[in-house]
Amino acid sequence: MGRPRIWMHAVSVGEVKAADAIVRALDARGQRVSIVLTTTTETGQQYALNTLGQRVMARFAPLDLWGATGRFLQLYRPDLFVCMETEIWPNWILRAHRAGIPTIFLNGRISARSIRSYLVIRHLLRPVLEKVAAFSMISEPDAQRIMALGAPKKRVVVNGNVKTDARWADLDETVVASLKGQFSLAATTPVFVAGSVRGAEIEALLEVYQKLAKRIDGLVFILAPRHIEKVSRITSIAQTRGISWQRRSEMDRSGGCRKHSFIILDTIGELRHVYGMASVVFCGASLVPLGGQNILEPAMWAKPVLYGPFMDDFADARQVLEQYGGGICVDDSDQLADRAGYLLEHPDAAHRIGLQAKQAVLASWGAADRHARLICRFLPGQPFGTK
């Protein structure tokens with residue numbers, strides 16, 4: 001008899017990172033499984049190939065159509081379908097259920113922002129959710145929201161945020177040391193990293209850079225757009241503002257030489273370690289109503305983390321960081337420049353807040369293993385598995 005096979009779906013890079021943590025947890029438990037990991041986006045697929053290509057079969061997901069789903073299931077014959085976070089794909093779920101393949105949601109979250117639109121189609125979602133074998137949610141509010149949409153209460157559990165654990169084992173100080181050399185950073189160089197910046201934040205962050213550059217001697221400002229295709233927009237605005245800039249990819253081509261203090265991170269998969277170089281971090285999609293980004297990644301590096309008020313999609317992570325004093329919410333770009341400037345001028349205060357951020361992450365450790373245990377229950381031959 002061959003190994004049980006899991007179809008694990010992760011939409012993009014963030015979900016692939018969470019899936020990676022789950023795979024590591026399964027391996028740590030000695031669970032011998034074969035995994036087909038699907039993604040929707042090209043960046044997610046590339047990240048999966050780079051990080052998990054030797055461990056899983058990375059594929060693009062089939063269209064959520066009855067026929068396409070049937071052909072995918074026939075080709076890969078999974079014993080279990082695992083959907084990271086809470087992407088509800090009706091044909092995948094219904095077709096898997098008809099084939100006797102249990103579906104479980106892991107690291108599930110339903111934000112306060114998205115629940116309103118979901119409730120409008122609750123009558124359509126309920127029959128689909130009733131076919132899901134288990135819902136492993138991040139927090140109690142997430143659990144309450146998925147039940148409000150029709151998930152059976154007895155199948156819903158709360159197991160924490162996998163992203164607390166995600167890629168922790170790969171946080172490599174030697175990689176950070178190498179990057180510091182490539183970025184020409186001394187031990188005392190003040191470094192501000194703005195990660196996953198989106199939409200109107202781009203112009204706001206360029207304004208923040210200009211304010212900080214006047215205030216902080218020797219500042220290096222690294223801006224990472226959420227979508228690399230927006231780099232041309234950044235360079236256009238920078239040129240209009242008279243800002244000298246440099247792409248990260250150009251540094252590779254020029255032998256690792258940094259020529260300017262404003263760097264645009266136009267590479268995939270590096271932000272995680274670039275956070276390790278920071279003195280202060282801002283996480284984007286939060287000054288604009290786009291739900292925020294994962295603030296736990298910089299917290300793992302013991303960095304003070306700033307973010308805007310729109311953190312609906314990561315409210316649980318925000319709550320944890322603020323509980324420990326490791327996260328700082330700013331209302332707008334003016335406040336961001338002010339708070340960041342203070343922390344850059346007072347490295348002792350930044351260091352203290354960063355340590356509190358890391359403590360918040362450590363306090364939430366172990367979610368990946370809890371979610372992995374649920375997978376084990378539904379694998380063939382397990383006494384608690386249900387079809």
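Which residue stands opposite Val156 in S7? In this predicted model, that residue is Phe135. The pair belongs to an open sheet of seven strands with parallel pairing, and there's another open sheet of seven strands, with parallel pairing as well. Here's a quick run through both.

**The S1–S7 sheet**
- Reading across, the strand order is S3-S2-S1-S4-S5-S6-S7.
- S3 (57-60) and S7 (156-158) sit at the edges with a single partner strand each, so one side of each has no neighbour in the sheet.
- From one strand to the next, the twist averages 20°.
- S6 (residues 134-137) runs parallel to S7, and three bridges join the two.

**Helices across the S1–S7 sheet**
- H1 (residues 13-28) lies across S1 (5-9), S2 (34-39), S4 (80-84) and S5 (103-108), and its direction is at about 175° to S2.
- H7 (residues 140-148) lies across S5, S6 and S7, at about 165° to S7.

**The S8–S14 sheet**
- Here the order goes S10-S11-S9-S8-S12-S13-S14.
- The edge strands are S10 (245-247) and S14 (327-329); each has a single partner strand, so one side of each is left without a neighbour in the sheet.
- The twist in this sheet averages 20° from one strand to the next.
- S8 (residues 191-197) and S12 (residues 280-283) pair in the parallel sense over four bridges.
- Phe192 has Val280 in S12 as its bridge partner.
- H14 (residues 315-324) packs on this sheet, where it touches S13 (305-307) and S14, and its direction makes about 110° with that of S14.

Terms used. Residues are numbered from 1 along each chain as its sequence is written. This is a predicted model: local features need pLDDT of at least 70, side-chain atom pairs count only at pLDDT 80 or more; totals for chains, interfaces and linings use all residues. Side-chain values use heavy atoms; hydrogens and water are left out. Two strands pair if DSSP finds at least two bridges between them. Axes are lines fitted to C-alpha atoms, for helices over the stretch in contact, and angles run from 0 to 180 degrees between N-to-C directions. Contact means heavy atoms within 4.5 Å.
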